[in-house]
Every structure is written in C-alpha cells, then in structure tokens.
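Dear colleague,

Please find below the structure that I am handing over to you, together with its sequence. My findings follow directly after it.

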Amino acid sequence: MSDPLLTLVLILAKLGVIFGVILTLAAYLVLAERKLLARMQLRYGPNRVGLFGLMQPLADLIKLLTKEDFLPARADKWLFLLAPGISAVTALLTFAVIPFGPPLELFGKTVPLVVIDLNVGVLYFLAFSSLAVYGIALGGWASNSKYALLGSIRGLSQLISYELSMGLAIVPVVMMARSFSLTEIVMAQEKIPYILLNPVAFMIFLISILAESKRIPFDLPEAENELVAGFHTEYSGMRFGLFFVGEYINLIILGSMVTVLFLGGWHGPWLPGVIWFSVKVLAICGFFIWVRGSMPRLRYDQLMHFGWKVLLPISLLNVLVTGAILLGMG
Amino acid sequence: MHIWRDLRGTVQPFWITLRNMLRKPVTVQYPEQKQQLSPRYRARLILSRDPDGNERCVACHLCSAACPVDCISMQAVEAEDGRRYAAWFRINFTRCIFCGLCTEACPTLAIQVTGDFELAGRDPLKLVYEKEDLLVDHCGHNSEYNFYRQAGIGVAAPRGTNSTESEPVDVKDLLP
C-alpha cells in the first residue's frame with residue numbers, strides 16, 4: 001500500500017473506531033446510569049431485555065425511532081429540526097482533540113491516538129462546549145412553548161456563568177503545562193497528575209462541568225417538577241433521542257477532559273495507556289451518576305450565587321496564586 | 001455560615017447512596033415472584049352460591065345502585081317457587097374501579113371480591129363479564145350464610161321451619 005493511502009486508511013479507521021466506541025459507550029452509559037440509580041434507590045433497574053438488561057439500549061433505540069416525530073403548532077420548523085443535531089454533533093466533534101492513548105506504532109508508522117492534535121486544543125474544547133449551548137437555546141426557542149423557553153433561558157444563563165469558572169480552572173493547568181495542546185498537557189503529567197498539584201482547580205473544574213453537563217444538582221434547564229422537561233419538552237422520538245445521546249456524549253467528553261487535564265490522561269502503571277484512560281473516564285462518569293443519585297437540585301438563585309460569588313472568585317484567586325508560585329519557582 | 005453543617009450535608013448523602021447500592025433491592029419481580037395478597041384484597045368480582053348450591057343473588061339492584069361508576073346491570077326475574085334471580089347479570093370491568101361498594105351493599109353476600117387482579121387484556125370487550133363468567137361454584141368468603149333460610153319468606157323451606165325462626169303467629173288469635 002502506498003504511503004498516503006495508508007495514512008488515509010489509518011485516519012478513517014481511527015475515526016470509525018472512535019465514532020463507534022463513543023456512541024456505544026453513550027448508549028451503555030444510559031443503561032449504567034439507570035441501573036446504578038436504581039440500586040441506589042433499592043430497585044433493580046432495567047433487567048428484562050436480554051441478559052441483565054444488556055439489550056436495553058437497542059430496545060430504547062427502536063422505541064425512539066418508531067415514535068411519532070412531533071412538530072408543535074407554530075413552532076419554528078427549521079430551528080426545531082436543527083437544534084438536536086447541533087446538540088449531538090458539537091458534543092461528538094469535541095472528542096477530536098482528546099488524546100486517549102500514547103502514540104501507537106502501526107505498519108512502521110507512528111499513529112497518534114488522537115484525531116487531531118491541535119496546538120489550541122483547550123480553546124477548541126471551550127469553543128465547542130460554548131457552541132453546544134446553541135442546541136439548547138434554539139431548541140427551546142423554536143418549540144413555541146413556555147416551559148421549553150424558560151428551560152432554554154435557564155440553560156443559557158447557567159452555561160455561560162459556569163463556563164467562566166470552568167475556563168478559569170483550566171488556566172492554571174495551561175500555565176503549569178505551558179501549552180494549550182491537550183497531548184502536551186498529558187505529557188506534562190507523566191510524573192505527577194495535576195489533581196495533586198492543584199486540587200482547588202480540580203474541584204472547581206469538576207463542579208463547573210457538572211453544571212456544564214446540565215445534570216443534578218445543576219439540572220435547572222430540564223427541572224422536571226417545574227418545567228415538565230425544560231428545553232426538550234416538545235421533542236419526541238429520535239429528536240429527543242439526539243438531545244439525550246448528546247447529553248451522554250457530553251458526559252464522556254467532560255469525563256475525558258477531567259482525565260486529560262487533571263488525572264494524567266493515559267499515564268498509569270502496568271496497564272496500557274488506552275485502558276488507563278478508559279478507566280479514568282468511566283470512573284468520572286460513575287462519579288457523575290453517583291452525584292445524581294445523591295444530590296438535590298439547587299434553586300435558581302443558589303445556582304447563580306454559587307457560580308458568580310463563590311466559584312468565580314475562588315478560581316480567579318487560584319489563577320493568581322498558581323501564577324505567583326510558578327513565578328517564584330522560576 | 002454553617003460550614004460544618006453544609007459539608008456534612010454534602011457528604012452524607014453520598015455515603016447513604018453508597019450503602020444503598022450494596023443492599024438488596026426491595027423490588028418484587030412480578031411475573032416470576034408474586035406478592036402475598038391480603039385476604040381482603042379487592043379485585044375481580046364474583047357471584048357466589050349459598051351452601052345449598054343455589055345462586056345467592058336475588059337481583060335486588062342494590063349493587064348497581066351503589067356502584068359509583070355504574071358498571072353493574074341486571075334483569076330481575078322471579079321463579080315459580082318465589083325465588084328471585086337475575087336473568088342476566090353484567091359487570092363491565094373496563095369501568096369497574098374495584099371500590100367494593102357493591103359487596104357492602106349486597107344483602108345476600110352474593111357479589112364478592114376476589115384477589116384475582118390479573119385482568120389486563122387487549123380487547124376491552126373481553127372485560128365485559130356476563131353472569132356465566134361471574135357465577136362461581138363456591139360460597140366465597142362466607143360458607144354459612146343462606147339468605148332464604150334467614151329471611152322468613154318461606155322459599156327454601158316453609159315458614160317457621162328454619163333453625164333461627166319460630167312458628168308464624170296467627171295475629172287473629174291474639175285478638176281479645
């Protein structure tokens with residue numbers, strides 16, 4: 001095989017594998033969440049479809065695909081149809097910059113285990129997590145429904161508020177690694193992961209991504225008992241499914257970001273890098289599910305108060321202190 | 001600020017959910033495992049028979065009058081020996097709310113509730129039960145009561161011959 005062709009095949013294979021793994025993982029994350037939540041509430045969770053309910057994602061998919069694709073009266077048709085796509089695609093695209101393993105030697109070529117190693121990977125991640133807001137905002141707006149609109153307004157203000165502290169929690173990491181490239185950030189954590197060097201930034205980042213993923217305790221955009229289902233109230237069938245899958249892909253992405261930025265990415269003893277990476281990501285996802293089973297939902301003013309008056313000052317202070325220490329160390 | 005209280009309130013729920021995860025779920029896995037129902041469970045209605053094997057129902061319409069959703073209907077007839085019975089008796093279980101008011105209204109203990117709650121089906125018309133579907137060959141909850149032997153109207157046995165009855169009094173004898 002000629003060299004450019006081999007490169008192309010390798011890239012396509014990598015894309016296909018990532019696409020398949022992410023989507024399957026997202027589907028099974030839903031199942032894992034339902035089962036874990038059920039066990040926390042002394043129930044069994046889905047255990048009827050297949051062995052231990054392992055075919056449940058497939059059954060859900062069939063159900064969603066065969067449901068009516070409902071369009072509310074006087075909804076903004078194109079935006080309504082587009083919004084779930086934005087939500088799912090932005091989540092998927094974010095994974096492009098995440099390095100999930102050390103470079104691999106294949107057919108005499110070095111294949112980096114990342115779709116594209118951008119030198120501004122952190123900015124790419126921040127940009128796409130901001131773009132994901134459009135899915136919620138447009139979806140809620142186009143539905144022509146009070147609840148959806150209220151949900152999307154909440155979602156907008158919440159995501160914008162928490163993106164600030166999220167970005168500011170990444171700044172110390174970038175300062176310590178002296179790079180915006182996620183691969184180099186992982187490389188810089190070869191000896192000691194940043195969770196130990198800067199636990200404050202880790203906590204801020206963790207809380208912010210909880211808000212960013214719109215999950216309990218920050219699930220105000222879809223607060224069931226106030227807003228029916230928030231921004232996706234009017235969605236049905238696979239369009240709702242896209243929002244849903246987007247949310248879980250987003251969960252995986254955010255878990256990967258925590259792993260890359262604070263838990264040392266693929267670094268770890270004994271096991272291969274990819275396995276270490278997956279274990280860390282799944283642990284973070286499991287933690288998210290645990291949080292969902294344990295925490296109540298915040299009130300809206302508490303959410304804003306916490307974001308602007310607690311997280312933001314602490315993260316700013318953290319940036320300053322980290323900078324001072326780095327300066328002092330030379 | 002109650003930092004200690006808030007911290008404890010944040011950490012404690014995690015401990016509780018973690019503990020719950022290791023406990024056995026309380027779910028009863030229905031089609032395979034079945035719960036022990038209370039003997040007074042109210043589900044499908046039956047028409048029971050008296051200890052002699054005759055129908056208890058005297059078609060008095062009290063159950064259909066008591067029924068809040070009007071799902072009971074019947075036609076009363078009288079046999080030659082003076083026994084009243086229902087020519088047809090119909091309960092529409094798609095409407096029945098299993099409140100049991102009909103059983104409370106029934107003077108002859110004919111209509112009774114059972115613990116059979118598995119009535120679901122795809123065809124609503126199959127849930128309209130006729131008399132032959134409702135009538136059973138046992139006495140239900142009460143194995144002794146026989147209306148015609150208590151009522152003193154001389155249908156099951158001549159007046160005054162039942163165990164709880166005394167001879168009828170000829171009122172004209174009491175005249176001065």
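The model is a predicted one. In chain B, three strands make up an open sheet in the order β2-β3-β5, and their pairing is antiparallel. The edges of this sheet are held by β2 and β5 (128-129) of chain B; each has a single partner strand, so one side of each is left without a neighbour in the sheet.

Strand β2 of chain B covers residues 72-78 and strand β3 of chain B covers residues 84-92; the two run antiparallel and are joined by 7 bridges. Among the facing residues, B:I72 lies opposite B:I91 of β3(B), and B:E78 lies opposite B:R84 of β3(B). The two strands, β2(B) and β3(B), form a hairpin that has 5 residues between them. Within that turn, B:G82 has a positive phi of about 90 degrees.

I turn next to the interface between the chains. Here, 9 residues of chain A are in contact with 9 residues of chain B. On the side of chain A that touches chain B, α1 (3-40) and α11 (273-294) of chain A each contribute at least two residues. The largest share of that side comes from α11(A), with 3 residues.

With kind regards

Terms used
Residues are numbered from 1 along each chain as its sequence is written. Chains are lettered from A and ligands numbered from 1 in the order in which they are written. This is a predicted model: local features need pLDDT of at least 70, side-chain atom pairs count only at pLDDT 80 or more; totals for chains, interfaces and linings use all residues. Two residues are in contact if their C-beta atoms, placed from the backbone, lie within 7 Å. Helices (H or I, at least four residues) and strands (E, at least two) are DSSP runs, numbered from the N terminus. Two strands pair if DSSP finds at least two bridges between them.
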